[in-house]
Amino acid sequence: MDRVKTGISGLDEMLGGGIPARRHVALSGGPGCGKTSFGFEFIYRGAQAGENGVYISLEETEDDILSNMKSTFPMFADVDALIKAKSIKIIKPDKLDMEGIAETIEDEITKHEVRRAVIDSATMIRLSMAKEIEYRQTLFEFLSLLRNLDCTTITTLEATSPQRESVTFDIEHFVMDGIINLYNLDKGDKRIRALEIFKMRGTDHSRELVPFRVLPNGIKVDVGEKVF
Ligand SMILES: Nc1ncnc2c1ncn2[C@@H]1O[C@H](COP(=O)(O)OP(=O)(O)OP(=O)(O)O)[C@@H](O)[C@H]1O
Ligand SMILES: [Mg+2]
């Protein structure tokens, strides 16, 4: 099976080498759990390795994403150069529609040989729709469109709880090829970041809850360490 290395330290090891190529993975987590940072590093590592990527932000502006990511990851010194070379593209669409987003990705694949895409977040689209059924249908159509494209996609989902026990399942969790959950867990008088690979169709993977850190040179998943 072809795999796409996320380039995030420790995560590829947990995935048995990387995300199965051309699949779509949900990155689910509560507020501030690190969804945007994870998504951005996925695009950044790809760009460094010669795989162009597009970051589609549905909430924050291009400038906000870039300035936040530069301040979170001050050691990603070549970000500006990669953006200039169009190896990384951050786009904030005017409209919140999945068809438009799929077209944008398709366009980027044709024009700039984009191989990685992040959509941050699907929850924004869900909230923009009047009816749940409408969202389900569009999500389904969107994923069918993506299936035919030569692009590996991560979509962030806003989880409503930071706790592992309270994770609930929505339509996205069933239709996506993979789910990675990010947590901000209670540990005594502080919170600790942790993740788990909840599902990844077609591959064996770690089933451990593993702590991670957001460091100036990237995210570090501390494989082999325990949270509790
Ligand atoms: N330079 C830094 N060093 C360490 N941690 C940082 C740094 N910059 C940001 N963070 C942490 O990262 C968190 C934000 O991460 P990120 O924006 O990726 O989360 P998110 O899940 O996308 O959040 P939201 O739900 O608000 O979109 C901050 O709340 C902060 O705890
Ligand atoms: Mg975010």
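## Close-up views of a predicted model

**View 1. The surroundings of ligand 1.** An oxygen atom of ligand 1 is placed 2.8 Å from an N or O atom in the side chain of Lys 35, a polar contact being a pair of N or O atoms within 3.5 Å, where, within protein, one must be able to donate a hydrogen and the other to accept it, and residues adjacent in sequence count only if both atoms are side-chain atoms. The model is predicted, so that local features need pLDDT of at least 70 and side-chain atom pairs count only at pLDDT 80 or more, whereas totals for chains, interfaces and linings use all residues. Residues are numbered from 1 along each chain as its sequence is written, chains are lettered from A and ligands numbered from 1 in the order in which they are written, and side-chain values use heavy atoms, with hydrogens and water left out. An oxygen atom of ligand 1 also lies 3.0 Å from a polar backbone atom of Gly 34, and a nitrogen atom of ligand 1 is 3.1 Å from a polar side-chain atom of Thr 72. Of the 660 Å² of accessible area that ligand 1 has on its own, the protein covers 58% (Shrake-Rupley method with a 1.4 Å probe; for residues, only the protein chains shown count as cover).

**View 2. The residue shell of ligand 1.** The residues surrounding ligand 1 are Gly 30, Pro 31, Gly 32, Cys 33, Gly 34, Lys 35, Thr 36, Ser 37, Ser 71, Thr 72, Arg 193 and Val 214, each with a heavy atom within 4 Å of the ligand. Three of these shell residues are nonpolar, seven polar and two charged (Ala, Val, Leu, Ile, Met, Phe, Trp, Tyr, Cys and Pro count as nonpolar, Asp, Glu, Lys and Arg as charged, and the others, Gly among them, as polar). Helix 2 gives the most to this shell, with three residues; helices are DSSP runs of H or I with at least four residues, strands are runs of E with at least two, and both are numbered from the N terminus.

**View 3. The packing of helix 2 against helix 3.** Helix 2 (residues 35–48) and helix 3 (residues 62–72) pack at an angle of about 90 degrees, and their axes are 11 Å apart; axes are lines fitted to C-alpha atoms, for helices over the stretch in contact, and angles run from 0 to 180 degrees between N-to-C directions. Helix 2 is therefore roughly perpendicular to helix 3 (angles under 35 degrees count as roughly parallel, over 145 as roughly antiparallel, 65 to 115 as roughly perpendicular and the rest as oblique). Thr 36, Ser 37 and Phe 40 of helix 2 meet Ile 65, Met 69 and Thr 72 of helix 3, contact meaning heavy atoms within 4.5 Å.

View 4. Thr 138 lies in helix 7 (residues 132–147), where a polar atom of its side chain is 2.4 Å from the backbone oxygen of Glu 134.
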